[in-house]
Amino acid sequence: MGNTSSMLTQYDIEEVQQNCKHAFTQQEIVSLYQRFCQLDRNKCGFISSDEFMSIPEFAVNPLSHSLLTMLDGFNFKEFVAFLSTFSSRASLQHKIEFIFKLYDSDCNGKVTFDDMLRVLRDLTGQFMSQQQREEVLAQVLEDAGYNKDSFLVLSDFMKIFGNSELKMEAEIPVD
C-alpha cells in the first residue's frame, strides 16, 4: 500500500467502509487516505478549511463557502463520510440529507426562504439580480406547493427530491 497508507490497517479500512455505508471500495478508501495525507500538510490528523480549499475542484465550487460551514476541519473518517455523498453508490436519501444540511445553515432543522435564497445567490452570483432570484425561488416554491413564508423540513426535501434522479457524483481516482 506504500508509506502513506501503511498506517491504515485492514480494520481501519473496514471501519471507514462501514461508516460510509459502503459507498467506497477498500481500494478507493486507501486512495482517499493517501489524498487525505497529502492535504493534511501539518500532519495533525485533521484537514483545515484552508487545506480543503487547496483542492482545485472544491475551490471553484460556488457552494464551497457554504460547505465549509458544515466542516470546520475534519479527520479521515469525517473526510470519507463527507465525500461518500458524492459516490455513485450513495443512496438518494443520503444525498438529500446532505443537501438539506447545506441549506439549513443554522442547523435548526428548518429551511426558510432566506436559506434557499442564500444558496441560490451562491450558485448564481452576479448572473441574476436579487429580485430575479426571489421571483424564481417564489415560483419554484409555489410549483412545489409552498410559499415564501413556508419553511421546509427534511421530509419536505424527501418529498420534493425523492422521485428525482439526483446526480451528485465525483470520481475517486484509484492509484
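Please keep in mind that the model is predicted. The protein has 11 helices and 0 strands, and 38% of its 175 residues count as buried.

**Overall make-up**

- Reading from the N terminus, the elements run α-α-α-α-α-α-α-α-α-α-α.
- The C-alpha trace spans about 55 × 30 × 25 Å along its principal axes.
- Among contacts with a separation of 6 or more, 58% come from residues 24 or more positions apart.

**Helices α2 and α3**

- Helix α2 covers residues 10-19 and helix α3 covers residues 26-39; the two pack at an angle of about 100 degrees, and their axes are 10 Å apart.
- That angle makes α2 roughly perpendicular to α3, because angles of 65 to 115 degrees are given that name.
- On the α2 side, the residues that meet α3 are Gln10, Ile13, Glu14, Val16 and Gln17.
- Their partners in α3 are Gln26, Ile29 and Val30.
- Sorted by class, the contact of α2 with α3 has 4 nonpolar, 3 polar and 1 charged residues.

**Helices α9 and α10**

- Helix α9 (residues 113-124) packs against helix α10 (residues 130-143) at about 125 degrees, with 10 Å between the axes.
- The crossing of α9 past α10 is right-handed.
- From α9, the contact draws on Phe113, Met116, Leu117, Leu120, Arg121 and Thr124.
- From α10, the residues taking part are Gln130, Arg133, Glu134, Leu137, Ala138 and Leu141.
- By class, the contact of α9 with α10 is made up of 7 nonpolar, 2 polar and 3 charged residues.

**Aromatic pairs**

- The structure contains 16 aromatic pairs.
- In one of them, phenylalanine 52 and phenylalanine 58 have ring centres 4.3 Å apart and planes at 80 degrees, so this pair is edge-to-face.
- Both partners are buried: phenylalanine 52 has a relative accessibility of 2%, and phenylalanine 58 has a relative accessible area of 8%.
- Phenylalanine 74 and phenylalanine 82 also form a pair, this one tilted, with 6.2 Å from centre to centre and 55 degrees between the planes.
- Phenylalanine 74 is buried at a relative accessible area of 3%, and phenylalanine 82 counts as buried at 7%.

**A look at leucine 83**

- Leucine 83 sits in helix α7, which takes in residues 76-84.
- With a relative accessible area of 17%, leucine 83 is buried, because the cut-off for that class is under 20%.
- Setting aside neighbours within four places in sequence, leucine 83 is in contact with Phe24 and Leu32.
- The C-alpha atoms of leucine 83 and histidine 22 are separated by 12 Å, and the two residues are 61 residues apart along the chain.

Methods: Residues are numbered from 1 along each chain as its sequence is written. This is a predicted model: local features need pLDDT of at least 70, side-chain atom pairs count only at pLDDT 80 or more; totals for chains, interfaces and linings use all residues. Side-chain values use heavy atoms; hydrogens and water are left out. Helices (H or I, at least four residues) and strands (E, at least two) are DSSP runs, numbered from the N terminus. Buried means under 20% relative accessible area, exposed over 50%, partly exposed in between (1.4 Å probe, protein chains only). Contact means heavy atoms within 4.5 Å. Axes are lines fitted to C-alpha atoms, for helices over the stretch in contact, and angles run from 0 to 180 degrees between N-to-C directions. A crossing is left-handed if the near helix is turned anticlockwise from the far one by less than a right angle, and right-handed if clockwise. Ala, Val, Leu, Ile, Met, Phe, Trp, Tyr, Cys and Pro count as nonpolar, Asp, Glu, Lys and Arg as charged, and the others, Gly among them, as polar. Rings of Phe, Tyr and Trp (its six-membered ring) pair if their centres lie within 6.5 Å; planes under 30 degrees apart count as stacked, over 60 as edge-to-face and the rest as tilted. Angles under 35 degrees count as roughly parallel, over 145 as roughly antiparallel, 65 to 115 as roughly perpendicular and the rest as oblique.
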